[in-house]
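Dear colleague,

Please find below the structure that I am handing over to you.

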Amino acid sequence: MQPVHVLLTGAIRIGKSTALRRAVSLLGTTPGGFVTWFPDQDASYRQLLLGAVDGSDRGCVAAETKAGNPPQCHHAAFDTLGATLLREASEKPLIVMDECGRFEAGAMAFQREVLRCLEGDVPVLGVVRHLGQPSWLDSLTSHPNVEVVVVTQENRDRIPQWLVRHFAPLLAVHDVESARTYSGPESADFLPSFAQNELK
């Protein structure tokens with residue numbers, strides 16, 4: 001049986017999140033789940049923002065990085081807001097996780113919700129950061145319900161249509177051929193509106 005869920009991985013800035021957003025737009029569905037994002041900031045200090053994928057006002061700072069220092073991870077942000085967004089997403093036709101990475105390593109409640117989603121029937125489309133070393137992400141990429149797709153420069157333009165073909169039957173989207181050409185949000189537009197206030 002073909003795995004229901006798909007996790008994209010690959011090099012940093014190769015286009016994983018872009019492929020995910022394009023596929024969601026083409027599918028024409030309203031997903032639940034979460035998105036994380038580094039706004040454009042001074043490289044010496046950056047904030048990782050966590051918010052709802054639907055662009056609502058719920059969001060918070062989930063981690064901070066300062067040049068020369070280990071990252072400060074706010075595990076409570078993932079264990080509260082992140083876990084809540086995943087629980088609520090179970091009522092949606094599609095669950096988006098963008099992305100799962102190193103900052104959630106100590107967020108055990110969040111990790112349990114991620115695994116619960118992968119055990120469920122609601123299709124999951126996510127992004128997993130490639131760490132190159134053993135981590136909690138191994139339990140996701142090795143899950144029997146998951147197909148891992150490596151995004152490269154050579155295949156990244158074809159990935160969105162492949163995702164549409166995979167997920168359309170699961171979402172009961174029958175009119176895939178007439179799906180609109182992608183003109184959806186850029187990365188920052190996927191962030192909840194709180195993000196703008198956080199940076200002012």
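This is a predicted model: local features need pLDDT of at least 70, side-chain atom pairs count only at pLDDT 80 or more; totals for chains, interfaces and linings use all residues.

Strand 7 comprises residues 124-128, and five of its five residues are buried. In a regular strand, side chains alternate between the two faces of the sheet. Within strand 7, V124, G126 and V128 point one way, while L125 and V127 point the other way. Residues on either side of strand 7 are buried.

Strand 7 has parallel partners. Strand 1, residues 5-10, pairs with strand 7 in the parallel sense through three bridges. In this pairing, L7 has G126 of strand 7 as its bridge partner. Strand 6, residues 95-100, also runs parallel to strand 7, and five bridges join the two. Here C100 is found opposite V128 of strand 7.

The peptide bond between D98 and E99 is cis, with omega about 5°; E99 belongs to strand 6. The other detail concerns R13, which is located in the loop between strand 1 and helix 1 (16-27). R13 is not a glycine, yet its phi is positive, near 65°. Is R13 buried or exposed? With a relative accessible area of 80%, R13 is exposed, as the cut-off for that term is over 50%.

Yours sincerely,
A colleague

Notes
Residues are numbered from 1 along each chain as its sequence is written. Side-chain values use heavy atoms; hydrogens and water are left out. Buried means under 20% relative accessible area, exposed over 50%, partly exposed in between (1.4 Å probe, protein chains only). Helices (H or I, at least four residues) and strands (E, at least two) are DSSP runs, numbered from the N terminus. Two strands pair if DSSP finds at least two bridges between them.
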